[in-house]
Amino acid sequence: MNEVVGSDDLLFVTLDTLRYDVAAELAAAGRIPHLARHLPGGRWEERHAPGNFTYASHQAMFAGFLPTPAAPGPHERLFAARFAGSESTAPATYVFDTPDLVSGLAAAGYRTVCVGGVGFFNKQGALGGVLPGLFQESHWEPEFGVPSPRSFEAQVECAERVVADLPAERRLFLFVNVSALHQPNWFHLPGATREAGDSRATHAAALEYVDRHIGRLFAAASRRRRCFAIVCSDHGTAYGDGGYTGHRLGHEAVWTVPYAHFFLEPPISEEAR
């Protein structure tokens, strides 16, 4: 990461509430082709979330504690705050001297931008301003939120404007919290009803909806230069698993999340053709 930071743009996408098993099944079945083409080997990596709900997980991830590989460690981290005794900080780890990664990248010259989704990013109260307050620039509109059937399209449109307005020489750290997977998501499945509510099937349909539009986000993020992208879930959610529903609880469906990181290459210029 010491070769990436300062050279490439950075994109961090959290597919809020996405379960690992649903993500893996859809990738294997060819139902999320736009995401799968970027996943190493076409598959998600199974990892453990650093928290079991949005606020806790994002506080940890912004401190450098991304989801941990689901195997015995220690596992070297991409980013870490400088502190003595860290067993997961390695020579390739980008180490920052600020309290969080966002301000660390700002200190390295990046423009830090948040495109919020779920309520912890809505800036409508003190708590909803904490996470977006880490960024130099943050955006949230009701259309980005969980009740909106076109939330991700609206978020992508915002991200496209952010990239278009940034001077070409300025490096960008763009964070997008995707709300479409979170309850309610029944409206993403044709034929589903509000009365029947959300299910594993509507959760899957929401991921297919995100996949239909994520190519635009990837294109925007890599429009100016190569971009290093991290795409993962912050936690899963239960749909009756073992009698549990929702998250902020200690169930495998909540702790196990999909993860991937990869490079997005910029378009080839006419001069280079």
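Let's begin with Thr 17, which sits in the loop between strand 1 (9-15) and helix 1 (20-28). The model here is a predicted one, in which local features need pLDDT of at least 70, side-chain atom pairs count only at pLDDT 80 or more, and totals for chains, interfaces and linings use all residues. Residues are numbered from 1 along each chain as its sequence is written, and side-chain values use heavy atoms, with hydrogens and water left out. Helices (H or I, at least four residues) and strands (E, at least two) are DSSP runs numbered from the N terminus.

**Positive phi**

Most residues other than glycine have a negative phi, and most peptide bonds are trans. Thr 17 has a positive phi, near 80 degrees, and is not a glycine. Arg 248, also a non-glycine residue, has a positive phi of about 60 degrees.

How do their surroundings look? Thr 17 is buried, with a relative accessible area of 0%. Arg 248 is exposed, at 61% relative accessible area, and belongs to the loop between strand 11 (245-246) and helix 7 (252-255). Buried means under 20% relative accessible area, exposed over 50%, and partly exposed in between (1.4 Å probe, protein chains only).
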